[in-house]
Amino acid sequence: MRPMLSEDDLAVALSADRAIIYFFVEWSVYAVQGRQRFAELEFLYRHDPQISFWIADVSDVDAPGAFIAGWLKTNDRTEINVSLAACTGNGSIVWLKHGAIVDAVRSAINCDLDDLRTRTESLRLTS
């Protein structure tokens, strides 16, 4: 998983056919445990170069990935309000296709690996 450290990294993720971003905060048990689940998901797709996996540290306003909060607020059209969940320590995941959010979960730890795999497979199938 690649760290989301700058606007350039975000641009790379948005320009990819398929990308998945995990929103991490160091002070949340949910996010720490969810990061492990996300790593397991990435391992399943380790040989698939068409899907890029990213981690955005949004632990506080000075965190390396904090800049992404503005983009997420503008582009979050999900019913779960992932922009709020991401910054409050839930360990959220968003699936992107050609730069658009096509799926999201509020908390990775509340999903089993099979559910995350199914969502990732749906990302491959959508046009």
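Good morning. Glu 40 is partly exposed, with a relative accessible area of 31%. Please keep in mind that we are looking at a predicted model.

Helix H2 covers residues 29-44 and lies across E2, E3 and E4, running at about 160 degrees to E2. Those strands are part of an open sheet of five strands, in the order E1-E3-E2-E4-E5, with mixed pairing. At the edges are strand E1 (2-3) and strand E5 (100-105), each of which pairs on one side only.

How do E1 and strand E3 pair? They run in the parallel sense, and two bridges connect E1 with E3, which spans residues 51-57. In one of these details, Pro 3 has Ile 55 in E3 as its bridge partner. A further helix, H1 (residues 7-15), lies across E1, strand E2 (18-24), E3 and strand E4 (93-97), and its direction is at about 145 degrees to E3.

I now return to the salt bridges. How many does a search of the whole structure find? The search finds four.

Asp 114 forms a salt bridge with Arg 117, with the closest N and O atoms 2.6 Å apart. The two are three residues apart in helix H5 (residues 113-125), so about one helical turn separates them. Asp 114 is partly exposed at a relative accessible area of 44%, and Arg 117 is also partly exposed, at 32%.

In the second pair, the side chains of Asp 115 and Arg 119 meet in a salt bridge at 3.4 Å, N to O. Asp 115 counts as partly exposed at 27% relative accessibility, and Arg 119 does so at 24%. Both lie in helix H5, four residues apart, about one turn of the helix. Salt bridges with shared partners join Asp 103, Asp 115 and Arg 119 into one network.

Finally, a word on confidence. The mean pLDDT of the protein chain is 88, and 90% of its residues reach 70 or more. Which element has the lowest mean pLDDT? That is helix H4 (residues 82-87), at 67, whereas E1 has the highest, at 96. Where pLDDT is low, the predicted coordinates should not be read in detail. Thank you.

How values were computed
Residues are numbered from 1 along each chain as its sequence is written. This is a predicted model: local features need pLDDT of at least 70, side-chain atom pairs count only at pLDDT 80 or more; totals for chains, interfaces and linings use all residues. Side-chain values use heavy atoms; hydrogens and water are left out. Two strands pair if DSSP finds at least two bridges between them. Contact means heavy atoms within 4.5 Å. Axes are lines fitted to C-alpha atoms, for helices over the stretch in contact, and angles run from 0 to 180 degrees between N-to-C directions. pLDDT is the predictor's confidence in each residue, from 0 to 100. Buried means under 20% relative accessible area, exposed over 50%, partly exposed in between (1.4 Å probe, protein chains only).
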